[in-house]
Structure formats: C-alpha cells, structure tokens
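Biologist: I would like to learn how to read the way parts of a chain sit against one another. Could you take me through one case?

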Amino acid sequence: MESKPSYSYHAEPFELAERPRRFLEAFSAILKHSNYGPVLDSYIRLSTKCARCTASCPVYEASSDPRDVPCMRSELLFRVYRRYFTIAGQLRARLFDDFTLTDEYIDHMAEEMWRCTACKRCKSFCPMGIDHGMITHLSRWILSEIGITPKAMVVSVREQLEGKTKNTSAIPMVAMKDSCEFLEEELEEMFPDQKIKFPMDVEGAEYVFFPAVSDYLMEADTLMGNAAMLHATGTSWTIGTQNFDGIDYGLFCSDRMWDRIIKAQVEEIKRLKGKVMLIGECGHASRSAKEGMQNFIPPEDRVPVVNIMELAYEHFKSGRLKLKKGVIKKKTTYHDPCNIARKGWIIEQPREILRHICEDFVEMTPRGKDNYCCGGGGGTVSIDEIHEFRMLIGGKTKAEQIKRTGAYYIVAPCANCKKQTEEIIKAHKIDAQKVGLHDLLLKAIEF
Amino acid sequence: MEQWLEWARGPFFRASFAIMILGLLRVLAFNAFSMARLIIKSRKNKREIPWSTVVSETLKWMFPVQRGFNQRPVFSFTSILFHAGIIITPIFLGAHIVLWDRGLGISWPSISQAAADYLTILAVVTGMALFIFRVSSRSSRAISRFQDYFLPLLIIVPFITGYLAMHPSINPVSWHAAMFIHVMSGNLILVLLPFTKMSHVALFPTTQLVSELGWYLEPDSGENVMKELGKEGESI
C-alpha cells in the first residue's frame, strides 16, 4: 500500500503505480520530439560542478542550502539521463550497483524543481554556459506528463483550454466587458474631452491585445494607462472577446500546454483578422508568445509579437506619445522581469520613458540583464501555499535589493512580478508601492 | 627504468593519444551531427537562429576576462590562469615539439624555457588553489563527484614531474623516474579526457548554440508527444 506523496505545493491526485517506468516513457517521448536530447548530451559531459552558479541564484543566496545549488538540481535530471539514455550509463548499470530511478527520487525531483524560479541567472554565471533554467523547464514537463504539477498551474491551464471562460482566472466575458466599461467611465472623468475606449472585437484592427487576464480585475491603473497610451497615439487595436488572456502557463509546466495555449490565442487573432499580437505588461506572456509563436505556429500563420512597453517606447521616441516631464515626484526604480530582460529584449526602453517622466529615477544593482528575479518567477507566484517560501527565501534577495534603492515606486511591468512585489513589500515592511509602467504613464500623458 | 620509459613514451603514449583523439572525435562528431540536424530542423521551420548573439556569447565565454571581473574575481582568475598554464605549456614547450618533429616531422614555434618554467609553476599553484577552493566550500563539497577532486590533483602531476625533470638540482628522484611518472600521468590524462568533464575542450564551443537550439520546438511536437504517450482525448 503506497501512501500518497506530499509536496510543498498541492498537487491533484495522480497515478501512483509504476512511476519510474512512466517517467522514463514520458522522457523518451519528449526527447524524440524536441531538441532536448543533444542539449543533455552536452550538458551531462560539460558540467564541472564548480558551484559558480551559487553566486547567481537568488534562492540559494537566501537559503544557503546545497539543495538550491542550480547545478545540484540539474544533476537530478542528468543522473537519470546518464543512466538510462547513454550507452556508458547502461553498461555501467550492468556492471555496478548504480543509480536507479525510484519513487522517492521522483518525489525529490518534484519538490526541488518547483523551488526554482527559472530566472536563468545561473546560465550567465555558469562558466560552461549551461542553462539550468532549461533543465528545470524540461523536468517540469516530464513530471507533468506523469501527473505531478502544482494544482494552481493545472487549474489555470484547464480553465484556459477546456473551461467556459477560456482564461486562467475564470473571468466570464461579461465581467471583463463590465470591468472595461467601468474603466472607460473612469478615464472619461480623468480626461473629459477624450473618448478613450476599450474596443471589443474590431475586425481588421492592427493590434490584438492580450494582457494578463488578472489585469482586468486587479490592475485598473495599468489597463487605463494602456488604453490611454493606445488612444493618444491613434493606435488601431482591439480586445478579442473569445480569447483575451495573454497568460501561457505552459511555459512553466508543459511544452504541450504551451503549444495549445498559443495556438488558441493565435486563432483569436486570425478570427479578428488582426496583424500583431500585443502583449500587455506581462513578462512570461511576452516570452511565451514570442518564442511560442516561433515554436508552435507554422511559418505562414505567424504574426509579430510586441510587448506594450515596446510600442509605448516607439511612440515616445517618434513624438506621437507626449509625456509631461518630471511629473512623478517620488523616487522610482525599475525591476526587470526575467522573461523580457534576461536575453536583452526590453531593458532600456521603459527606462528612457521613466527618466523622462520621473524627477528622481534610481537604478537597482544589479540591473538589466543581470537583475534578480522577483522571487515569484516560473509560476511559483501563483502557488499560494508556498507563500512563506517566496517571502523568506525566493523573494528575500529582491526585498533587500528594493530596500537598498530607497525608492517608493517600484515599477514591475509584469503581472506576476507585481503580485510578488506587493507581497514582498507587505511581508518585509518596505515603504513602497508596486506599479506598472503604464500606471505612471497615465499620470504623465498629454493629449 | 630506461625500458619502462621507452615503453611509456612509445607504444603506451601512442595508444593513449589515439584513445584521446578517437574519443574526442566521437564526441565532436556526435555533437556536430546533432547541431547540423537541429539547424536543418530550424531552417525547415523558418526559424532565425541569432548567430551574432551566439557567436559573441561563445567568445565571451571562451575569453571570460570581463565576466571574471564581475563575478567572484578571485576564483575566476585562478581558473583563467590555470587554463592558460595547462594549455600553453604542453603545446609550446620546446621539448615536446622536438618529440613531434622526431615522430611525425611536424613542428611549430616554441616558447622560451623560462616562460615555460613560469607557466608551469603557475599551473601547479593555481591547480592546487582550485582544489583547495573545491574542498573548502560547503556547496562545492555537496555537489562534487570523485572526478572533481581527482582531476585537479592528477593534472598538476605531469607539470610537477616535468619541472623536476628539467631541474635536476631539485629533483629528489632520478631523471628516469620523474620522466616515467610524467609520461604515465600525462597518458592517463589523455585517456580520461574524452570520458570525463575534460571533454569540455570539444563540447564547450557549441554550448551557447545548443542552449539556444534547445528551446526550439516544432508545431506538432506537443501533439506527437501526446500520441506517443497514448493521451489523445485526455482532459487536462
């Protein structure tokens, strides 16, 4: 009689029998239809166990626990690959009592893989350039194929792909429309001579808007800023009422889900004959869409993916977007969401805007490509039951970083970073407020 | 002893060198084939590989001077100097080039004996430092395997014994003994090279490329995995 394993996160009941075999089957199937095989062939031989990654990982810095060393976590998967998928490994197993995959080992992996925020800072520090975030990403996919994924992820993805509302927060379309109407009224009060609208289902609009769906209910200022900016620049945009959620948690737990979600989003763009996918202020949604578009959408169906901050920056540079100088008086700093900053995609653009509209803009150290994860990355922010871990370990390094800047406004242009930053601010009693870039833009916009 | 030395430098060296070359070729060939396959796949899927980024990152990693300053400078520079010492000396030492000339008739410029002496001492000192770093850090001990302790100690042996052989005044053993240990430890390194983490000599240049390509998937990969696992029609 097997007792049900328990992890730090809730997981829905999964099949307990023959887990090692099914794990390896899932692993083989994935290796067959992806590029992870050659990656692992390189990584298992390259990894020198130098522990340089410890200098980079925000989780390790806070916990100082060897289990959080990125290379240690990756070794969990390397060991399996070496033993079962290399000739040398299989030969050794015949001759020596070597490593075998067991239920306990899978449980251990399931626990460790969700302590990582997949921020990929380790990749920049590893002397070999090993992408430990990718190994976490791959391990999570394999685990999800045998049914082990945090419930928070599964419930969101299920609702987005199979539910009635087709979004991760189960917001009915009428609720979304109501919310937008309310925001339109607010905007009318703020700017009485402008008719700022949230266009719905406009066929042929250039930009189809996909924010993180939680923005509709929780980030009114960001959304109003978005709408105001798009209105002020005369941008042709729309929201698609059949699919208005940019979130793609497949990036965090299963490439198979990543695939299905981006396909559903692109279908909506095609329905409306839109030209560009406009992602709102959300880090992972931007990356899921950009890379997912290249991965999962056939070349003839692809559309360009633009993050709304890129668009705002373009309009700002060209002069179409007029912003008052120095209206934000309080000290402001900028947090780089991992998914848009790590590869250098969006770093200077929002900063140039902030330097213009803020009187007192300060940088965090490190900044840009090397900035720390908020502590809620990789989907961990959505797992409420690990809140304490996120506050005391995952987000501790970020909290110290924020404190050091002494800033009041923390611009965190990512829905998940916003949630995590808000929680850190409360837990670590920092006198600060999290905002999105467009929240501040709203205060500075000129028509 | 003379006989042993001749055997060590002759057949045994040739065998070890052959094993190293063949082992590395195997690793290189598999790597090259995999890269080619993945690049062709991405072309088929009309994906742009960001070559300029990949190449510039690879060079940054190969000559990590700027990164060394930013990230744990003491450890980084120890490692960089160690690599400089162990790469330059064996290849450009006059005594080694003479052997290649005798054996295969090929030769190339050499460094001065004094330079070789300094580089050898550098290699030995930094090698020992790296070993001490590894042993004295908790996180490092937690993840180190046998080869991580053994290899730095093994690698400095031919350097120590080579130096002793060239400086008979401080050599506690006979020249033949020192040379024998020198050649045999060198042979052991050559044999182990393709089968341990030392194979990074061949795999390291393509790491940035392979890490980039690893994230690429194809439009039907999700479906194929689903079919493979017999999960069609299964709800989430």
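**Domains and their contact**

Modeller: The C-alpha centres of domain 2 of chain A and domain 3 of chain A lie 21 Å apart. Bear in mind that this is a predicted model.

Biologist: Into which domains is chain A divided?

Modeller: Chain A is divided into domain 1 (19–149), domain 2 (166–314) and domain 3 (324–446).

Biologist: How many residues of domain 2 of chain A are in contact with domain 3 of chain A?

Modeller: In general, the size of an interface is often given as the accessible area lost when the parts come together. Here we have a count of residues instead: 26 from domain 2 of chain A are in contact with 24 from domain 3 of chain A.

Biologist: Which helices each supply at least two residues of the domain 2 side in chain A?

Modeller: They are H12 (220–232), H13 (250–253), H15 (283–296) and H16 (308–318) of chain A. H12(A) gives the largest share of that side, eight residues. By residue class, the side of domain 2 that touches domain 3 in chain A has 12 nonpolar, eight polar and six charged residues.

Biologist: And the chain as a whole: how many helices and strands does chain A have?

Modeller: Chain A has 22 helices and 10 strands. Its radius of gyration is 22 Å, close to the 22 Å that the globule rule gives for 447 residues, so chain A is as compact as a globular protein of that length. The C-alpha trace of chain A spans about 80 × 45 × 40 Å along its principal axes.

Biologist: What percentage of the residues of chain A count as buried?

Modeller: Of the 447 residues of chain A, the buried ones make up 56%.

How values were computed: Residues are numbered from 1 along each chain as its sequence is written. Chains are lettered from A and ligands numbered from 1 in the order in which they are written. This is a predicted model: local features need pLDDT of at least 70, side-chain atom pairs count only at pLDDT 80 or more; totals for chains, interfaces and linings use all residues. Domain bounds come from an automatic or database domain assignment. Two residues are in contact if their C-beta atoms, placed from the backbone, lie within 7 Å. Helices (H or I, at least four residues) and strands (E, at least two) are DSSP runs, numbered from the N terminus. Ala, Val, Leu, Ile, Met, Phe, Trp, Tyr, Cys and Pro count as nonpolar, Asp, Glu, Lys and Arg as charged, and the others, Gly among them, as polar. The radius of gyration is taken over C-alpha atoms; the globule rule is 2.2 Å times the number of residues to the power 0.38. A residue is buried if 20 or more other C-beta atoms lie within 10 Å of its own, exposed if 12 or fewer, and partly exposed in between; C-beta atoms are placed from the backbone.
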